[in-house]
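Subject: Structure handover

Hello,

Here is the structure I promised to pass on. Please open it alongside this message; my notes follow below.

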There are 2 protein chains.
Amino acid sequence: MPLGQKLPEGMRYDVYTQACPSRLVLDRVADKWAVLILGRIDDEPVRFNQLRREIQGISQKVLSQTLKKLERDGLIRREVFATVPVTVEYSITNLGKTLADTIRSLARWAEANIEAVTQAQRRYDEAQS
Amino acid sequence: MPLGQKLPEGMRYDVYTQACPSRLVLDRVADKWAVLILGRIDDEPVRFNQLRREIQGISQKVLSQTLKKLERDGLIRREVFATVPVTVEYSITNLGKTLADTIRSLARWAEANIEAVTQAQRRYDEAQS
DNA sequence: CGGTATCCGATGGGATACTG
DNA sequence: CAGTATCCCATCGGATACCG
């Protein structure tokens, strides 16, 4: 049931009930770092420190934690290669790909509308002062 | 520039640089409560306590804060009616509508794939133990 | 290289009480 | 009804140090 759609009397939107499983997914998606990582890991596999360099501002700890969550959710795959020193590659799964597509449309919205948003913020802030 | 797309050598993805304005938008979007509120406020205006009831689990404080942010970003509109007691109606703006559409596609993804995600989590957890 | 462990300060957000 | 104010605790996340 999509958000914001009309429902028969007496019914509630699933997503707004606390026990709703969709909220679990939302919790994962509503994570800035997870979104950035999922957006970055595309077709070709990426290594840990490569991600760290490309996603500026993420700490080693948070990157590690977020990768684990994404792997647990079946959105990315972690492969270890017994080189010296060890190499670890992260790649996106088929499931993750479908989510990444949706996320990309979000990113496109952000880039298309950042101007309108900052303008609105300026108007709001001036009206307050 | 959409996420995950190939770039000419030496260029970086905008979204991955710290100063990128798109990150500001992402910060707002990557907010579980903001997403739920934006998804709920559709065509017809909604009142404060109505939202509070329908979005289960949100506290008065967080609802108030999040509504303010969304209004500041120009995504929702706040109208006060001088009734007794006072009535406040929140409605979505044209800008907000375009974002809500994107968000709904995210919610659809969640509802369509929650099963696959929880299954992946079970597999992961069993492999760990 | 690819992490984990620990410490610790900032922030988020719930509970409660109060107000125009 | 529609909030604001305060307290307070839990989680987030940065910094640093260490490891296979």
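A cavity here is a set of grid points where a 1.4 Å probe fits but cannot get out. Note also that the model is predicted.

**Cavities**

By that definition, the structure holds 3 cavities of 30 Å³ or more. About 50 Å³ is the volume of the largest cavity. Both protein chains line the largest cavity. From chain A come A:Leu26, A:Val29, A:Ala30, A:Val35 and A:Leu106; from chain B come B:Leu26, B:Val29, B:Ala30, B:Val35 and B:Leu106. Two elements each give two or more residues to this lining: α1 (21-29) of chain A and α1 (21-29) of chain B. By class, the lining has 10 nonpolar residues, no polar ones and no charged ones.

**DNA strand C**

Next, the DNA. DNA strand C is surrounded by 19 residues. The closest are A:Gln60, A:Ser64, A:Arg78, A:Tyr90 and B:Lys61. What do the DNA atoms within 4 Å of the protein belong to? Sugar or phosphate accounts for 54% of them, and bases for the rest.

The side chain of A:Gln60 has an N or O atom 2.2 Å from a base nitrogen of DNA strand C.

In chain A, α3 (48-54), α4 (60-72) and β3 (87-92) each give two or more residues to the surface near DNA strand C, as does α4 (60-72) of chain B. The largest share, 4 residues, comes from α4(A).

Chain B has an open sheet of 3 strands, in the order β1-β3-β2, with antiparallel pairing. β1 (46-47) and β2 (76-81) are the edge strands, each pairing on one side only. Between β1(B) and β3 (residues 87-92) of chain B there are 2 bridges, and the two strands run antiparallel. Across from B:Glu89 in β3(B) stands B:Arg47.

**One residue to check**

A:Glu115 sits in helix α5 (residues 94-128) of chain A. Is A:Glu115 buried or exposed, or something in between? Its relative accessible area is 49%, so A:Glu115 counts as partly exposed; exposed would need over 50%. From A:Glu115 to A:Gln50, 65 residues apart along the chain, the C-alpha separation is 31 Å.

Best wishes

Definitions and conventions:
Residues are numbered from 1 along each chain as its sequence is written. Chains are lettered from A and ligands numbered from 1 in the order in which they are written. This is a predicted model: local features need pLDDT of at least 70, side-chain atom pairs count only at pLDDT 80 or more; totals for chains, interfaces and linings use all residues. Side-chain values use heavy atoms; hydrogens and water are left out. On a 1 Å grid over the protein atoms alone, a cavity is a set of points where a 1.4 Å probe fits but cannot get out, and a pocket is an open set with protein on both sides within 12 Å along at least five of seven lines; lining residues have an atom within 4 Å of a point. Grid points are joined across faces, edges and corners, and a volume is the space filled by probe spheres set on the points. Ala, Val, Leu, Ile, Met, Phe, Trp, Tyr, Cys and Pro count as nonpolar, Asp, Glu, Lys and Arg as charged, and the others, Gly among them, as polar. Buried means under 20% relative accessible area, exposed over 50%, partly exposed in between (1.4 Å probe, protein chains only). Two strands pair if DSSP finds at least two bridges between them. A residue is near a molecule or strand if one of its heavy atoms lies within 4 Å of it. A polar contact is a pair of N or O atoms within 3.5 Å; within protein, one must be able to donate a hydrogen and the other to accept it, and residues adjacent in sequence count only if both atoms are side-chain atoms.
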